[in-house]
Amino acid sequence: MPARSYTDVSDQQVVVFAQEGREDAYRELIKRYERPVFSLIYRMVRDKETAEDLAQETFIKVLNNIDRYRPEFKFSSWLFKIANNITIDHLRRRQVDTISIEGSPDAITAERARATAVTVTSGGESPLEELESRELGAEIEKAIAKLRPEYRACIILRHVEDYSYDEIAEIVKLPLGTVKTYIHRARQELRQYLGDLR
Amino acid sequence: MIEHDFDEDFVPIAAELQRLPYLSPSPDFADRVIAGIDRLQAPRTVAAVSASRHLELHRGGQQAVTPRRPMGVMQATGRAVAGVTLIAAAAFMFFEIDVLTAMLSAAVTQYAFAIAAVGTQVGALVLGSSAITYLQAGALQAVILYITLAVGLIAGYGAIHTAAQIAKRKAA
């Protein structure tokens, strides 16, 4: 089956192709969401290898059950929902909570720290802007890492992924009021941690 | 861009959150995910088996073709005798070929078939049992063999029947 171009093809349509068993459709869905999903998971677990494993588990679970996808929902919401469930389960099992973007807290050597550090995609800025952005981003990353995992997921979905409160409530399987409370508290804590940034 | 539902002092933080870059997994991430998708692996497995089967056939069919149990000399001879006996009896009953002619033709056929069976065993010793197994496994060869035998038998009995008719006419 020849590979086709999925430019301007909606997620729902790509899913239909995937449901027909087209490998290129599966790859397109992975290509579209590997970075958002990996980023969300990494910002919750703070370890590259663990984040990759959990992201891989997320995609495999979603794509193996692609026939169960209901098109009335956003594919990305379903994907993030599975990612959040898998990550929260992992955190409950292992209580991982670290703050370094430079590598895993478990890294006891420089080599290990390099191996577990993530690749940050450049936004095409100048070197100075990139450095400033990286510094500010690093502060934000550290501040996010100090939040409770439940807060992290909600604040990232709200402010990084631009989801509505209703969508976040659906993704994290929490009541709408709880989601609003979590996001409100997360904002307060971020304000405290990032006082110098304002 | 989401609409503001927070205090003004959170605006710069919200802006920084929106500027957070996406992080990239390893380059082989997609391949590892694809390797874990059952639906995509099943056809690949079939294709791999098919390719392997094709390759193995090129290598002599030792593993790809399900080997048939080699037919023994006695079994082949027994079948030949039974077959020829039945055909000879039918020929005698319906075409009035005398017993001697029928027996002679049966003996010739039997002898030829026995030679073929012995030849198969000798071939197995010379070429190796796997080569003979491969040959025996080929359905096409088997069909050709059976058609050849059938045509040979029919032609042989036709000739014998014609000869017998001519002999009867001469005797009369």
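## The interface

Chain B and chain A bury about 3900 Å² between them, with 59% of that on carbon and sulfur atoms (buried area is the accessible area, 1.4 Å probe, that two parts lose on being put together, summed over both). On the chain B side, Tyr22(B), Leu23(B) and Arg39(B) lose the most area to chain A, together 20% of what that side buries.

Counting contacts (heavy atoms within 4.5 Å), 34 residues of chain B touch 49 residues of chain A. There are also 5 salt bridges between the two chains, each a side-chain nitrogen of Lys or Arg within 4 Å of a carboxyl oxygen of Asp or Glu. Arg39(B) turns up here too: Asp67(A) forms a salt bridge with Arg39(B), and the closest N and O atoms are 2.3 Å apart.

## About the model

This is a predicted model, where local features need pLDDT of at least 70, side-chain atom pairs count only at pLDDT 80 or more, and totals for chains, interfaces and linings use all residues. Residues are numbered from 1 along each chain as its sequence is written, chains are lettered from A in the order in which they are written, and side-chain values use heavy atoms, leaving out hydrogens and water.

## Chain B on its own

Chain B has 7 helices and 1 strand (DSSP runs: helices are H or I, at least four residues; strands are E, at least two; numbered from the N terminus). Along the sequence, the order is α-β-α-α-α-α-α-α.

Of the 172 residues in chain B, 23% are buried, meaning under 20% relative accessible area (1.4 Å probe, protein chains only).

Technical notes
Buried < 20%, exposed > 50% of the residue type's maximum accessible area, 1.4 Å probe, protein only.
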